[in-house]
Amino acid sequence: MTAALGMQPTSRTSGRIERFNTIVVGAGQAGLSAGYHLQQRDVDFVIVDAHERVGDVWRNRWDSLRLFTPAKYSGLPGMPFPAEPMHLPDKDEVADYLERYAERFDLPVRSGTRAESLVRDGERWILRTSRGSAASIPIASTLPLPRMASAASFESTSVDG
Ligand SMILES: Cc1cc2nc3c(=O)[nH]c(=O)nc-3n(C[C@H](O)[C@H](O)[C@H](O)COP(=O)(O)OP(=O)(O)OC[C@H]3O[C@@H](n4cnc5c(N)ncnc54)[C@H](O)[C@@H]3O)c2cc1C
């Protein structure tokens, strides 16, 4: 049985192939913001993230960490940071905010899914992850992926994992 990106095959899958218009790599501030705007535009997309929970990259930082930017400048599109404007959020507040943001907008985040390679295959891009899959228009946050040109369609391939 195919387990593309940890999901059962659906109407979007064909055997070992799963298709999206866009895949966003990373569910940090950049990836979630991109997801918000893609959703506003009805783009078919998915966000993959290596961590098990949205915000884990912040949860795993040192305990005394606080942002140097106050809450009023730390919100993402569509959802202000829930604190007094000049409050300096600590790392767990940031983590929880990111997690609630993904939940509030029901962003399609596939956690525990590490992007491992990106290769061009004709007109499409194949993104292989720790749980299988791919896309033709990957959007990287701060990850060192090559710059991508827009493509009209894409396909994803799952691998056993
Ligand atoms: C200690 C610290 C303090 C900071 N304080 C501030 C501040 O006060 N104010 C401010 O404006 N900015 C601050 N920044 C900068 C700010 O955090 C970053 O600009 C912002 O987090 C970048 O967001 P991002 O989504 O691009 O990357 P990240 O937040 O790093 O998110 C990247 C995501 O990609 C995932 N990922 C990584 N590799 C893979 C892979 N191979 N496959 C799948 N998923 C993957 C990670 O799990 C993570 O969720 C701080 C940064 C640090 C490190």
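This is a predicted model: local features need pLDDT of at least 70, side-chain atom pairs count only at pLDDT 80 or more; totals for chains, interfaces and linings use all residues.
**A short tour from strand to loop**

Now widen the selection to both strands. β3 and β4 run in the parallel sense and pair over 4 bridges. To see how the chain gets from one to the other, follow it out of β3, through α1 and on into β4; this β-α-β crossover is right-handed.

Which residues point which way? Thr-22 and Val-24 go one way, Ile-23 and Val-25 go the other, and all of them are buried.

Now select Asp-42. You'll find Asp-42 in the loop that links α1 (29–40) to β4 (45–48). Is Asp-42 buried or exposed? Asp-42 counts as exposed because it has 8 C-beta neighbours inside 10 Å, and the cut-off for exposed is 12 or fewer. Check the backbone here too: phi of Asp-42 is near 55°, a positive value in a residue that isn't glycine.

Last stop: Asp-106. Look for Asp-106 in the loop between α3 (91–104) and β5 (109–110). Asp-106 has 9 other C-beta atoms within 10 Å, so this residue is exposed. And what is phi of Asp-106 near? The value is near 50°, which is positive, and again the residue is something other than glycine.

Technical notes
Residues are numbered from 1 along each chain as its sequence is written. Helices (H or I, at least four residues) and strands (E, at least two) are DSSP runs, numbered from the N terminus. A residue is buried if 20 or more other C-beta atoms lie within 10 Å of its own, exposed if 12 or fewer, and partly exposed in between; C-beta atoms are placed from the backbone. Two strands pair if DSSP finds at least two bridges between them. A crossover is right-handed if, with the strands pointing away from the viewer, the path from the first strand over the helix to the second runs clockwise.
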